[in-house]
Amino acid sequence: MAKKSFKELFDPKESKWGGISLPMFLCALIVVAIVVYVPFGLDKEGNPGSFLRPNFLIMFSALAVFGLLFGEIGDRIPIWNDYVGGGTILVFFMAAVFGTYNLVPENFMKAVNIFYGKQPVNFLEMFIPALIVGSVLTVDRKTLIKSISGYIPLIIIGVIGASAGGIAVGLIFGKNPIDIMMNYVLPIMGGGTGAGAVPMSEMWASKTGRPASEWFAFAISILSIANVFAILCGALLKKLGEAKPSLTGNGELLIDNTKEAVRDKEVDVKPELTDTTAAFILTGVLFMVAHILGEVWESLNIGFDLHRLVFLILLTMFLNIANIVPDRIKAGAKRMQTFFSKHTIWILMAAVGFTTDVKEIIAAAAPSNILIALAIVLGAVGLIMLVARKMKFYPVEAAITAGLCMANRGGAGDVAVLGAADRMELMSFAQISSRIGGAMMLVLGSVMFSFFAS
């Protein structure tokens, strides 16, 4: 593939800014700057207002322009693009800097939190379900069954590797293994913030009688550091796959001789727009059912949480294995997945970046903590890559999904890691790591806190 150059970005006749010509992109950039930065009138509380309205279309477009600006530039910085992650990572870091150091107005940050935040209606709630349904429905049935049967053990192997790496480096700095497991491995490999560090902190508080924030403050900092390493490792694994093609399936997780036949079958089905629409509606209905099951599960008070995305994965797997969904809608689901994974990733990375606090990473940036976090991430990746081929998985894809997607900040971390690795089609397995793997770590955390927290 030809290298992208800066020169082509500034050619008025070229349409390299996300398919938009330079003059049109500059006009869009000026409009977004006016909407975001120019004060106008007063808000309901009497403070200076602006032209910004926090609706979905405006925020989608504003973040798209921000993402295109830094994404296209990042894809053309030689060393950055080759080894760090290109435009995807530059969009993430620049958005984080803008958000952390107040380079955008407060009302814009509030709008980002509505677009991508804890509110019931946000872009991530549409992005990840679309990727999951599109990914799982288009996997060959036999391949899906084989991969799942070996994938959970692969996650466990990754946790073992992470624990060994963290303990080994922790001993060098005089930290005991229990401290490493409870305060480093559990938060890093625990499935992210909301489904991992937060419930773990409550478990810790219930065992010690001390405020949950006491454990959580360090946990979120060390998790933030590991999340950065996981993203960077994703970019490096992409580069490794390009240098050594035998280590990667180029987006395929399971080593299977039938995959070429599966691809041929996919090519034969040409989805119409109605098929893509049907797939999108199906995704919404499945997400409703998954939400119902998640609420019912929570009401049973079994002792650990299963996120609704876990149920969405299981429901979609059932539909695929039972061969219920017509091939036309499967092809439409693949088209839907491609749209979100290839054409909206910079939008999401901008939103993720604006909601990431750079200071959290700086707060725990002691050399010992950095090295321990790095050892945990590399320990998971290393051990998985050693055993992956014997378990019929491609080493690069196995390390990304069962390793890096355990060692990040959950759903948003999965998006960042897969984006850096250019493996967005692996979102379903990434979610298994973050959700089911995270639930397994909650059980481990509950046991460890019961015996060792004081």
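Author: Let's start with F452, which has 42% relative accessibility and so counts as partly exposed. This is a predicted model, where local features need pLDDT of at least 70, side-chain atom pairs count only at pLDDT 80 or more, and totals for chains, interfaces and linings use all residues. Residues are numbered from 1 along each chain as its sequence is written, and side-chain values use heavy atoms, with hydrogens and water left out.

Reader: Why does F452 count as partly exposed?

Author: Buried means under 20% relative accessible area and exposed over 50%, with partly exposed in between (1.4 Å probe, protein chains only). F452 has 42%, so partly exposed it is.

Reader: And what makes F451 count as exposed or buried?

Author: F451 is at 65% relative accessibility, so it counts as exposed.

Reader: Why is the pair of F451 and F452 called tilted?

Author: Rings of Phe, Tyr and Trp (its six-membered ring) pair if their centres lie within 6.5 Å; planes under 30 degrees apart are stacked, over 60 edge-to-face, and the rest tilted. The centres of F451 and F452 are 6.3 Å apart and their planes are at 50 degrees, so the pair is tilted.

Reader: How many aromatic pairs does the structure hold?

Author: There are 24 aromatic pairs. F40 and F51 form one that is stacked, at 4.5 Å centre to centre and 20 degrees between the planes.
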